[in-house]
Amino acid sequence: MSPTESEKYSRQEGLVHQPRVEKLRIGLKGTNPLLEEQLILISKHLGVKEFPVTNDMDMEIVIDSNKKNEKKSLYINMKETGFNLSTEFNTAEISKTLALLAPGLSTLAAAMAWQEILKRQNCIRSIPIMKKYATVQFRVNTQFTNISEDDLAGVQAFHGDQRLALFSEPCNDGTGHVRLTARLDLESPNLSETLKSVDLKIDESCVVEEPYSFEFTIPHVEKLPEGNLVVAGVGGLGTWSLYTLFRGVLNVGGSGKGLNITIFDPDESIEIHNLNRQVLYNEAHVDRPKADCAAEILASNLSDLNVGFGVQALGLPELDNLLTHVESEIKSDEDDVDLLEELELTENNSLSADEVKNILKEADLILCGVDNLNARGVLSGISSHLNIPFINAGAENFSGQFDVFQESGCMACRYGADSVRDKRITSCQEDGDVPVASIVTTTAIFGALEGLSALTALSEMSVLSQWPTQAIWGGRSNRLQSLQPPHFMQGNDHVEHILQALGDLNSNLVKVDMNTPLQSDNRNGAVKKESKHQ
Ligand SMILES: [Zn+2]
């Protein structure tokens, strides 16, 4: 495997035994072009070398069959607005899937099918490894030369030109020696090959053999989607949701007429290790801004779509701008179409505060694909203020949750004030970055759910209320469960909930210090605020 290919799967290697995944031998029986395409797409993102195979099979995927298969099988039966997935043959109804929903439902079925295969073929690690690194220790005699603590503080460690994180601790063995530990990051290219052979192994002989059966349906919608969609974050979740959306429109012969999409993402460059799960991008997009690439791909697929983008985050300054500035400053009676056509990007590919404000005020829906709770909280405040639905998902490792917020709730109501303050990310590890492992099955499932619910809302807004307001999925059970969400806050003023959660209890307005830099989290394109409320 080339270094590039290996880097592509580096974010999932702590979750699955990658060599086993690559060698999986899975057959395919039955015909359903969309579902086959999605099964192949997910197999490629997982790194499976060959799929489907015709001999020496570990398992066979059987699509839309009325007959029991002889081999060890996973049956997928597509339905009008859902699917049935089972390891046991059953006589579940098979029917033609609604064209608008078929691509997204196929993605969902394919991702869950692959997850079940990973489970049953013992590819999932019993212990998820969040990050793997190597260290080199130097035992230093500080007494021999009377080296002081100040001298030690000035010591730096290098690997080639790369400066390494260095930690010191006393040896505590009576020698007075000090141990200096330099951390070598396995992502460093010349190390990754050498140290690939070092791994954690525990007894993993118990393969899951219990029968599995899962049925999924969503509400019926057929009309072509129209209106103004704002997408915040086009990493794993955002790309799969946009993919679900434009493939659905194409599948009913639509061209995106009447649909306006604005994409925001501050991440200035797509990296190789994003490619194992961020479906819109390929090697040609590496080092380009995510929002720019996503917009370009949408425009090339839907000829009548109005699409705009900004290489920037949506967060507190935008909420502040919506709350503080008086109405008269805003140009009124903007035509929706002109709004996007007249966008002027600055040198940094970002939109002005007024342009963003106008786009938000015209929005019918916000779809959230950011990767931290604080940004989600602020976005949910923006959508509450605008009185439009907010579709959210969070995914990492083999788990995630999906939310639809309409007038009945916000992130603070549902997840508590602490979640919006995002302590998880601000409590940094030594390198200032909580490592997150990610894999295509998880992001495809939650991205498809977001995309399907966005299609529902833009097709027929009233039908969105028939969607579950909250759903969770765990890769070990491989079942999506809808939940009755908890309610942590009193009253229905959700903008106030978010402001309270952010800690500004004395004012109706958020005080944003515009000079405080927003910290960009390079790994996932999310933006987190400096922890000034802690
Ligand atoms: Zn609320």
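A residue counts as buried here if 20 or more other C-beta atoms lie within 10 Å of its own, with C-beta atoms placed from the backbone. The model on screen is predicted.

**Helix H9.** Select residues 316-324, which make up helix H9. Leu316, Glu318 and Leu319 of this helix are buried. Turn the view to look down the axis of H9: the buried residues fall within an arc of 165°, so they line one face of the helix.

Move to strand S5 (133-141) and strand S6 (157-159), the edge strands, each of which pairs on one side only. They belong to an open sheet of 4 strands in the order S5-S8-S7-S6, with antiparallel pairing. On average, neighbouring strands of this sheet are turned by 30° against each other, direction ignored. Now select S7 (residues 162-170) and S8 (residues 177-185); these two strands run antiparallel and are joined by 6 bridges.

**Glycine 451.** Go to helix H16 (residues 440-459) and select glycine 451 within it. Is this residue buried or exposed? Glycine 451 has 30 other C-beta atoms within 10 Å, so it is buried, the cut-off being 20 or more. Leaving aside neighbours within four places in sequence, its contacts include Gly104, Trp240 and Tyr243.

Conventions:
Residues are numbered from 1 along each chain as its sequence is written. This is a predicted model: local features need pLDDT of at least 70, side-chain atom pairs count only at pLDDT 80 or more; totals for chains, interfaces and linings use all residues. Two strands pair if DSSP finds at least two bridges between them. Axes are lines fitted to C-alpha atoms, for helices over the stretch in contact, and angles run from 0 to 180 degrees between N-to-C directions. A residue is buried if 20 or more other C-beta atoms lie within 10 Å of its own, exposed if 12 or fewer, and partly exposed in between; C-beta atoms are placed from the backbone. Two residues are in contact if their C-beta atoms, placed from the backbone, lie within 7 Å. The arc is that of the directions from the helix axis to the C-beta atoms.
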